[in-house]
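This briefing sets out selected computed features of the entry shown below. Please read it alongside the sequence and the coordinates.

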Amino acid sequence: MSATAMAVRRSATGLALLWLLAPLLPVVLWAVSSRWSGRARLPQELGLDGWTAALDAGLAPALVRSVLLSLAVAAVATPLGAWAGRLLGWRIAGRPRLLA
Amino acid sequence: MTLGRQEGRQAGTVADLLPVVPVAVVAGGGMAAVVATSWGLMPLYGEPTPGADGWRQVATDLGPAVRETLVLSVGATVLALGVGLALALVLLAGSPLVRAATLAVLAVPHLVGATSVLLWLGDGGWGARLTGAGPGTWPELVAGPWPVATVLALAWKESAFVALVVLAAVAPGHRERMETAATLGARPLQRWTRVLVPSAAPALAATGLVVLVYSIGSYEVAWLLGRTSPEPLPVLSFRLFGSIELVDRPAAAAAAVTGSALALGLTLVAVAAGARVGRTLGAPS
């Protein structure tokens, strides 16, 4: 692979990671900040105060409920979706296809 | 054909149709109830009073709401398709980091992503802090005249979905097709336009339709990042549905019916156009 191709590939990988991960940075930073006031560029004090407050507000049972709900939805939706996909793809369209 | 084979085929057809039943009951029943509510046939209390009061109440809001919905959903779809295709190309080259990040984005709830975008782009957000923008000088990306933050938040999440579907459609045999095209003398740009894009087009069309329909019906992102007037259809519908005035229920249902009709109409047009393109491409020259 030429040096130019390697540079293009690295730039593309970097841009892809920037697009995918940068939007999540503020929420991650806020989750580990105990104080980030005014127009400060970075948190003035790191800490887990937010996590403590979330645990007091019922984070653990909410997490359990979310996991149970998602497992139930996946258990129902996956076989139904596969079944419906077979119907749409093979029986109606005559062959597996997406749209055209 | 023997009787036994006919019975077997009929039993197979019935079994194939079983998954349609829950969809018909949940989606069809729900839709019928919403339509009936919009025409005053299912009041929360009292006797049904058939009429168009709900539609009349929301009539002046529907036009701007449809426009706002189309602006944000079409914008998010176009951006998600462009970035999703680019991400799929990076994934095709084989990057485990980008693959892990793409899966992570899919796992993040829309509301968490939208909250983070708010913390980035809102007035006083991290973007304004990092650039040192003074009070009132940061552009109205959140709740401004154009749904910039809403489009970005939806496109960010949906681009990961587009990338993975396009990757699954294009990856099998991709290297062989590109090598064959190169052997036949195709230049890099021609390999992209004549080989890669046509093999990705059906997946792009299908995911584009899914993203468009999802964006039309998406509530939480537009509620958090959009302006309060005019509202997109789902936000308008949910606000009226939660109103303390119970007579607002038919108006909420009318907005919901309009959103559903918009999504269904665009789906029918897209499927018909897709079938036509498929016939044209499949026809002998």
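How many helices and strands does the secondary structure of chain A come to? Chain A has four helices and two strands, where helices are DSSP runs of H or I of at least four residues and strands are runs of E of at least two, numbered from the N terminus. The model is predicted, so local features need pLDDT of at least 70 and side-chain atom pairs count only at pLDDT 80 or more, whereas totals for chains, interfaces and linings use all residues. Residues are numbered from 1 along each chain as its sequence is written, chains are lettered from A and ligands numbered from 1 in the order in which they are written, and side-chain values use heavy atoms, with hydrogens and water left out.

**Chain A**

- Along the sequence, the elements of chain A are arranged as α-α-β-β-α-α.
- Of the 100 residues in chain A, 17% are buried (buried: under 20% relative accessible area; exposed: over 50%; partly exposed: in between; 1.4 Å probe, protein chains only).

**Helix α2 of chain B**

- The 19 residues of α2(B) (residues 20-38) should span 27 Å at 1.5 Å a residue, and the end C-alpha atoms are 26 Å apart, which agrees; the expected span is 1.5 Å times one less than the number of residues.
- B:Ala36, B:Thr37 and B:Ser38 of α2(B) are buried.
- After α2(B) comes B:Gly40, with a positive phi near 75°.

**Helices α3 and α11 of chain B**

- The axes of α3(B) (residues 53-92) and α11(B) (residues 233-241) come within 8 Å and cross at roughly 140°, and the two helices are therefore oblique to each other (angles under 35 degrees count as roughly parallel, over 145 as roughly antiparallel, 65 to 115 as roughly perpendicular and the rest as oblique).
- B:Ser73 lies in α3(B) and is buried, with a relative accessible area of 0%.
- Beyond residues up to four places away in sequence, B:Ser73 touches B:Leu212, B:Ser215 and B:Ile216.

**Backbone geometry in loops of chain B**

- Most residues other than glycine have a negative phi, and most peptide bonds are trans.
- B:Ala143, in the loop between α6 (126-131) and α7 (148-170) of chain B, has a positive phi near 60°.
- B:Ala143 is partly exposed, at a relative accessible area of 38%.
- The peptide bond from B:Ser229 to B:Pro230 is cis, with omega near -5°; B:Pro230 belongs to the loop between α10 (220-225) and α11 of chain B.

Definitions and conventions: Axes fitted to C-alpha atoms, helices over the stretch in contact; angles between N-to-C directions. Contact = heavy atoms within 4.5 Å.
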